[in-house]
Amino acid sequence: MTGATEPITREQVVTLITRYRPHQAQAPAEATVSAWLTSLAGCSYLECEAALLALGPSAARSVTPSEIAGRVEAARDRASAASSPQAAARRDRAAERAHFVAVGARGIRAVYEAMGWHRDPEHDRARQVRCPFCRAAPGVLCSPLSRRRDGRQEFRDPKTRMHPSRHKAARRTTAHSGANQ
Ligand SMILES: [Zn+2]
């Protein structure tokens, strides 16, 4: 089997042409093979075949080798964008945050249960929504911000450490999502 990164060989170019350009003569002209080989230099057989398959049979019959090379390059760009360290880090951070929000919610419940403390359902509800005032994400406590750049002022509730508009937003969300929760 051919490696995914080995450059395409002359023989493989002949295979591609006869397989995907069946209207061509059974043995493609040497000049055609050379032209394809030049255009596809640096592409692997598997990449070229994937590009041809993605085109579909009728488009593959008329595609030029430089179009195939362009498609191979575009596929490589997509693949490296998806696997770039930045993309991976973004995914990791999102997963990590979701994990800590879940663990945090479980942990708080466990601590309250263990200590026999009274939990504040108002606080729990507010934690589940984004704060419209300081933009604290769900699961994150409100920041101490009390005056925004637009001049709006709000002070955190000393007991729940949440902004009053977050409590309001939480009540609205609960009302909307129905009583069966
Ligand atoms: Zn807030």
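**Figure 1. Leu141 in the loop between α7 and α8.** In this predicted model, Leu141 belongs to the loop that joins α7 to α8. Leu141 counts as partly exposed, because 16 C-beta neighbours lie inside 10 Å. Leaving aside neighbours within four places in sequence, Leu141 is in contact with Ala136 and Arg161. Leu141 and Arg161 are 20 residues apart in sequence, and their C-alpha atoms are 7.0 Å apart in space.

**Figure 2. Arg135 and its positive phi angle.** Arg135 has a place in the loop between α7 and α8. The phi angle of Arg135 is near 65 degrees, a positive value in a residue other than glycine. Is Arg135 buried or exposed? Arg135 is exposed, since 12 other C-beta atoms lie within 10 Å, and a residue with 12 or fewer falls in that class.

**Figure 3. Arg127 in helix α7.** Helix α7 comprises residues 121-127, and Arg127 is found in this helix. Arg127 counts as buried because it has 22 C-beta neighbours inside 10 Å, the cut-off for a buried residue being 20 or more. Not counting residues up to four places away in sequence, Arg127 touches Pro138 and Gly139.

**Figure 4. Helix α1 and its two faces.** Helix α1 covers residues 10-20, and its buried residues are Gln12, Val13 and Leu16. Seen down the axis of α1, these buried residues fall within an arc of 105 degrees, so they line one face of the helix. The face turned away from this buried side carries the exposed residues Arg10 and Glu11. Which elements do the buried residues of α1 pack against? They pack against α2 and α3, the latter formed by residues 45-55.

**Figure 5. Helix α5, with buried and exposed sides.** Helix α5 has 18 residues and reaches 26 Å from its first C-alpha to its last, close to the 26 Å expected at 1.5 Å a residue. The buried residues of α5 are Pro65, Ile68, Ala69 and Val72. They cover an arc of only 100 degrees around the axis, which puts them on the same side of α5. On the other side of α5, the residues Ala74, Asp77, Arg78, Ala81 and Ala82 are exposed. The buried residues of α5 pack against α2 and α3.

**Figure 6. Arg71 within helix α5.** Arg71 is found in α5, which runs over residues 65-82. Arg71 is partly exposed, because 19 other C-beta atoms lie within 10 Å, whereas a buried residue requires 20 or more. The C-alpha atoms of Arg71 and Ala51 are separated by 6.1 Å, although these residues are 20 apart along the chain.

**Figure 7. The largest nonpolar core and a separate one.** In soluble globular proteins, nonpolar side chains tend to be buried together. The largest nonpolar core here has 13 residues, and those with the most contacts inside it are Ile8, Leu40, Cys43, Cys48, Ile68 and Val72. Helices α1, α3 and α5 each supply at least two residues of this core. Which element gives the largest share of this core? The largest share, 4 residues, comes from α3. Apart from this core lies another, of 10 residues, among them Cys131, Ala136, Met162 and Ala169. Returning to the largest core, one of its residues with the most contacts is Val72. Val72 touches Cys43, Glu47, Cys48 and Ala51, not counting residues up to four places away in sequence.

**Figure 8. The protein chain as a whole, for orientation.** The protein chain contains 8 helices and 0 strands. From the N terminus on, its elements run α-α-α-α-α-α-α-α. Of the 181 residues in the protein chain, 17% are buried. Residues 24 or more positions apart account for 59% of the contacts with a separation of 6 or more. The mean pLDDT of the protein chain is 82, and 82% of its residues reach 70 or more.

How values were computed: Residues numbered from 1 in each chain as written. Predicted model: local features only at pLDDT ≥ 70, side-chain atom pairs only at ≥ 80, totals over all residues. pLDDT = per-residue confidence, 0-100. Arc of directions from axis to C-beta. Contact = placed C-beta atoms within 7 Å. Expected span 1.5 Å × (residues − 1). Core = buried A, V, L, I, M, F, W, Y, C linked by C-beta atoms within 7 Å.
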